Amino acid sequence: MTEKTPISLATLIEKAKKLKLLILDVDGVLTDGKLFFDNEGNEYKSFHARDGHGIKLLRQTGVEVAVISGRKSNSVALRMKNLGIEHVYQGHEHKKAAFYEIIEKLSITPEQAGHVGDDLLDLPIMIRVGLAIAVADANFAVKQHADWCTTLPGGQGAVREVCDFIMQAQGRFDDVLNTYLT
């Protein structure tokens, strides 16, 4: 497999400036990818608070956030409701159809969407969006198809890193920061 040619920081910023939608995978991106089950089969997931706050801040700047996950979990539904994310697609192993449905609902182009992924199920979206992002601990093939790899692993602040980058690229981070400094 050939590696994708790295793109410059200036090109990354230009791609991020165009984003109106950020699509996130769940397991391995919003979580560390570990699955916990109790003896009754109840599933538990751990979400990083800074990722959630970054999502809320990004949404306040006008960038919509969506989730497409191959698995289905009540904890994901509850967390996304808590974050105000309306576009939640769970149980979609074939994520491409959900991707096209979301961009049609929002009346945007694929180039106006970014995607953060970690595993092969994410590739059908990553190769179609304007900005493809892999978390630091993503599968090697996913990293090869990403425009950018975060410095932080999934579930450990990678999503916040992405949200901050998008806000900075779009010139909105200082406004967000100033609300905390005044």
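Modeller: Contact, as used here, means heavy atoms within 4.5 Å. This is a predicted model, in which local features need pLDDT of at least 70 and side-chain atom pairs count only at pLDDT 80 or more, while totals for chains, interfaces and linings use all residues. Residues are numbered from 1 along each chain as its sequence is written, and side-chain values use heavy atoms, with hydrogens and water left out.

Colleague: Which residues does S69 touch, not counting residues up to four places away in sequence?

Modeller: S69 sits in the loop that links strand 4 (64-68) to helix 3 (74-83), where helices (H or I, at least four residues) and strands (E, at least two) are DSSP runs numbered from the N terminus. With residues up to four places away in sequence set aside, the contacts of S69 are D25, V26, D27, Y89, Q90, G91, H92 and K95.

Colleague: Is S69 buried or exposed?

Modeller: Relative accessible area under 20% counts as buried, over 50% as exposed and in between as partly exposed, with a 1.4 Å probe and protein chains only. The relative accessibility of S69 is 2%, so S69 is buried.

Colleague: How far apart are the C-alpha atoms of S69 and F47?

Modeller: Along the chain, S69 and F47 are 22 residues apart.

Colleague: Which residues of helix 7 meet helix 2?

Modeller: Helix 2 covers residues 49-60 and helix 7 covers residues 158-169. From helix 2, the residues taking part are R50, D51, H53, G54, I55, L57 and L58. Their partners in helix 7 are A158, V159, R160, C163, I166 and M167.

Definitions and conventions: Axes are lines fitted to C-alpha atoms, for helices over the stretch in contact, and angles run from 0 to 180 degrees between N-to-C directions.
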